[in-house]
Structures are given as structure tokens and as C-alpha cells.
Amino acid sequence: QLQLVESGGGSVQPGGSLSLSCAASASSLRYYAVGWFRQAPGKEREGVSCINANDDKTYYTDPVKGRFTISRDNDRNTVTLQMNSLKPEDTAVYYCAAAPGGMCVMTQYYQYGMEYWGRGTLVTVSS
């Protein structure tokens, strides 16, 4: 069964950058659509970004467009979320998830098909 582990979270000042990594074991991520989600304290979980399996097409929700970039490295079996120009409202626990169907079906507050989830990594943006 696919297992996902996130890493790269931490504390950063507004305007800074962080790179989150989602590493997989027990299976290759190349066959899965992989999404990043986040949940801030007291708020609903929201979608951030997603990358398809077959064509690597990427998707971003409005709050992060132009600031975040998702990419995959099949050799390392990882998916990375590069986060630039971070804002305090980006503070949240970030989760990666994988969909066996291979296609991203996700909006900011809806997702379909993500069957495997990591445990999350905390990102704090504060001065």
C-alpha cells in the first residue's frame, strides 16, 4: 500500500520561501495524481495544488496561483511543492495525497479520488 511522508515544513518570515517534499514508499508515485492540501487551525481543509500522473498537467487554487509550483521527480519518487512569497495566511499543516486514478479532481474545497494521505508537515509564516 502506498505510504506518503511530507517533509520540509518550518517557520519562515512573510515573503520567504519553503520547499515541501512528498516522498512515497511501497509504490511508484508516477502512476498517481498527487495533490497538496492544507488545514489551518479552526478552518476547513483546502486544496492547494495537484499534478496529473500521465501528462504532468498542474493545477493551482486561487490563493496560491503565481506563488506555488508543484513538480514531480519520478527517479526520487517524490513530489515537491515550492512555495514562494509566503504570507501569514499560508500558515497551516500541509498534507500530500495521492489518487490512483491518475487525474486531478480538485477545487479549493472539494477533491475526489485522493485515497492515500500523509500525516502532514507544519508551515508557519510569521514575523
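Cys50 and Cys104 form a disulfide, with their sulfur atoms 2.1 Å apart; a disulfide here is a pair of cysteine sulfur atoms within 2.5 Å. By this rule the count comes to two disulfides. The model is predicted, so local features need pLDDT of at least 70 and side-chain atom pairs count only at pLDDT 80 or more, while totals for chains, interfaces and linings use all residues. Residues are numbered from 1 along each chain as its sequence is written, and side-chain values use heavy atoms, with hydrogens and water left out.

**The Cys50–Cys104 link**

- This pair links distant parts of the chain, 54 residues apart: Cys50 sits in strand β5 (residues 46–51), and Cys104 in the loop between β9 and β10 (106–107). Strands (E, at least two residues) are DSSP runs, numbered from the N terminus.
- The disulfide of Cys50 and Cys104 is left-handed because the torsion about its S-S bond is about -85°.
- Cys50 has 0% relative accessibility and therefore counts as buried; buried means under 20% relative accessible area, with a 1.4 Å probe and protein chains only.
- Cys104, at 13% relative accessibility, counts as buried too.

**The Cys22–Cys96 link**

- Cys22 and Cys96 form a disulfide whose sulfur atoms lie 2.1 Å apart.
- This pair also joins distant parts of the chain, with Cys22 in strand β3 (residues 18–25) and Cys96 in strand β9 (residues 92–99), 74 residues apart.
- The link of Cys22 and Cys96 is right-handed, with 65° about the S-S bond.
- Both Cys22 and Cys96 are buried.
- If you number the bonded cysteines of the protein in sequence order, the pairing reads 1-3, 2-4.

**Strand β4 and its partners**

- Strand β4 (residues 33–39) is mostly covered, as six of its seven residues are buried.
- On to its neighbours: β4 pairs with β9 in the antiparallel sense over seven bridges, and two strands count as paired if DSSP finds at least two bridges between them.
- β4 is also joined to β5 by five bridges, and these two strands run antiparallel.
- Gly35 is a handy residue to look at here: its bridge partner in β9 is Ala97, and its bridge partner in β5 is Cys50, the cysteine that forms a disulfide with Cys104.
- The hairpin of β4 and β5 has six residues between the strands, and in it Gly42 takes a positive phi near 75°.

**The four-stranded sheet**

- Four strands form an open sheet in the order β1-β3-β8-β7, with antiparallel pairing.
- β1 (3–7) and β7 (68–73) stand at the edges, each with a single partner strand, so one side of each is left without a neighbour in the sheet.
- From one strand to the next, the twist averages 15°; axes are lines fitted to C-alpha atoms, and angles run from 0 to 180 degrees between N-to-C directions.
- β7 and strand β8 (residues 78–83) run antiparallel and are joined by six bridges.
- Phe68 has Met83 as its bridge partner in β8.

**The largest pocket**

- The lining of the largest pocket includes Arg38, Gln39, Lys43, Glu44, Pro88, Asp90 and Tyr109. A pocket is an open set of points on a 1 Å grid over the protein atoms alone, where a 1.4 Å probe fits, with protein on both sides within 12 Å along at least five of seven lines; lining residues have an atom within 4 Å of a point.
- The lining residues divide into four nonpolar, two polar and six charged; Asp, Glu, Lys and Arg count as charged, Ala, Val, Leu, Ile, Met, Phe, Trp, Tyr, Cys and Pro as nonpolar, and the others, Gly among them, as polar.

Notes: Buried means under 20% relative accessible area, exposed over 50%, partly exposed in between (1.4 Å probe, protein chains only).
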